[in-house]
Amino acid sequence: MARIGNSRLITPNEALRLSLASPRCAVNALSYRLRGKSSLRFPHRIVLSLANRCNFACPMCNIGDARAERQKDFRGDAPFEVVERTIREAGKYGSYVDLHGGEPTLYNRLGDTIALLTKYRLLAYITTNGLNLKSRAREMVEAGLKVLLISLDGWDEESSYERGLVPGSFAAIQDGIAEVNRIRRGIFPIVRVSTVITKANYQHLDQIADAVYSMGVRRWFIQNYFFMTDGAMAAHRQMKLETGIGDQVAAHHIPGEQSYFKPHEVAVLKDSLARIRAKANDSYRDMRVDFDWNLDLDAYYSPRRPGRSSACALPFDRIDV
């Protein structure tokens with residue numbers, strides 16, 4: 001029977017194997033859980049942006065706009081001496097490191113970066129659109145990559161093209177995952193696929209599930225779309241004005257709209273998710289599907305302001321480099 005869960009990247013067995021690979025990261029994670037974020041002496045999580053460019057052109061992504069704002073003084077990839085210094089400092093505390101971009105597989109010293117993380121026994125995962133995965137798979141595996149997260153928002157060539165505007169991207173992701181599975185060493189890298197719910201795919205999530213399963217991946221994440229309404233943007237600007245804290249928001253701003261999805265579209269989304277649950281027992285029994293199944297989708301896709309329990313923890317435990 002397929003397992004329906006609430007977004008957890010790593011299974012207990014995988015967590016044990018990762019703890020053996022990086023004891024300091026395991027101690028840091030345990031301390032974080034027991035003592036809370038306020039007691040940390042160093043960021044629990046580091047997002048290391050390797051490349052300020054991407055080989056996809058996703059229409060719904062404004063991260064490019066956010067990067068452009070930050071590139072007034074610097075343009076290009078992360079200097080490797082900055083990468084080295086960040087990893088060396090993080091190695092003292094057992095922070096775990098997210099390798100991001102842009103698209104991190106465009107970074108020419110990606111293998112060296114992963115090898116350095118392996119040297120300092122730090123846990124890292126890379127998030128990629130998968131377009132270059134096949135050509136860089138061996139380099140990443142041999143350098144000791146532990147977790148590979150691939151973004152997939154379509155279920156065939158046509159739907160995948162809508163996401164990144166790149167012909168052949170679906171086949172490239174398929175071939176890349178197959179290559180990683182062929183050359184992986186034991187359980188590493190742990191392979192996951194992540195899907196963001198968008199206007200282009202919210203009616204067809206069960207078809208994406210079929211595609212993920214056919215690629216041999218047995219852990220699939222579904223994430224809600226990250227959007228900002230006029231009201232939320234106004235609150236963000238006011239906070240920055242009063243405190244000086246804040247940056248350009250890397251989320252889709254919907255000017256003049258109340259939500260990313262209208263009520264009738266939310267109903268269709270619920271049906272799409274229900275089909276996944278219905279098919280789970282028969283079509284993909286040994287795959288775990290992770291999503292925030294308890295989330296009130298009507299409230300999420302509405303102009304309603306979130307409650308205090310939805311406060312963002314990132315300023316307290318994460319730093320972006």
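Modeller: Residues are numbered from 1 along each chain as its sequence is written, and side-chain values use heavy atoms, with hydrogens and water left out. In this predicted model, local features need pLDDT of at least 70 and side-chain atom pairs count only at pLDDT 80 or more, whereas totals for chains, interfaces and linings use all residues.

Biologist: Which residue is joined to Phe-188 by a cis peptide bond?

Modeller: Most peptide bonds are trans. The bond in question is cis, with omega about -5°.

Biologist: Is Arg-121 buried, partly exposed or exposed?

Modeller: Arg-121 is placed in the loop between α5 and β4 (124-128), and its phi is near 55°, a positive value in a residue other than glycine. Buried means under 20% relative accessible area, exposed over 50%, and partly exposed in between (1.4 Å probe, protein chains only). Because its relative accessibility is 42%, Arg-121 counts as partly exposed.

Biologist: At roughly what angle do the axes of α5 and α6 cross?

Modeller: Axes are lines fitted to C-alpha atoms, for helices over the stretch in contact, and angles run from 0 to 180 degrees between N-to-C directions. The axes of α5 (residues 110-119) and α6 (residues 133-143) come within 8 Å. They cross at roughly 15°.

Note on methods
Helices (H or I, at least four residues) and strands (E, at least two) are DSSP runs, numbered from the N terminus.
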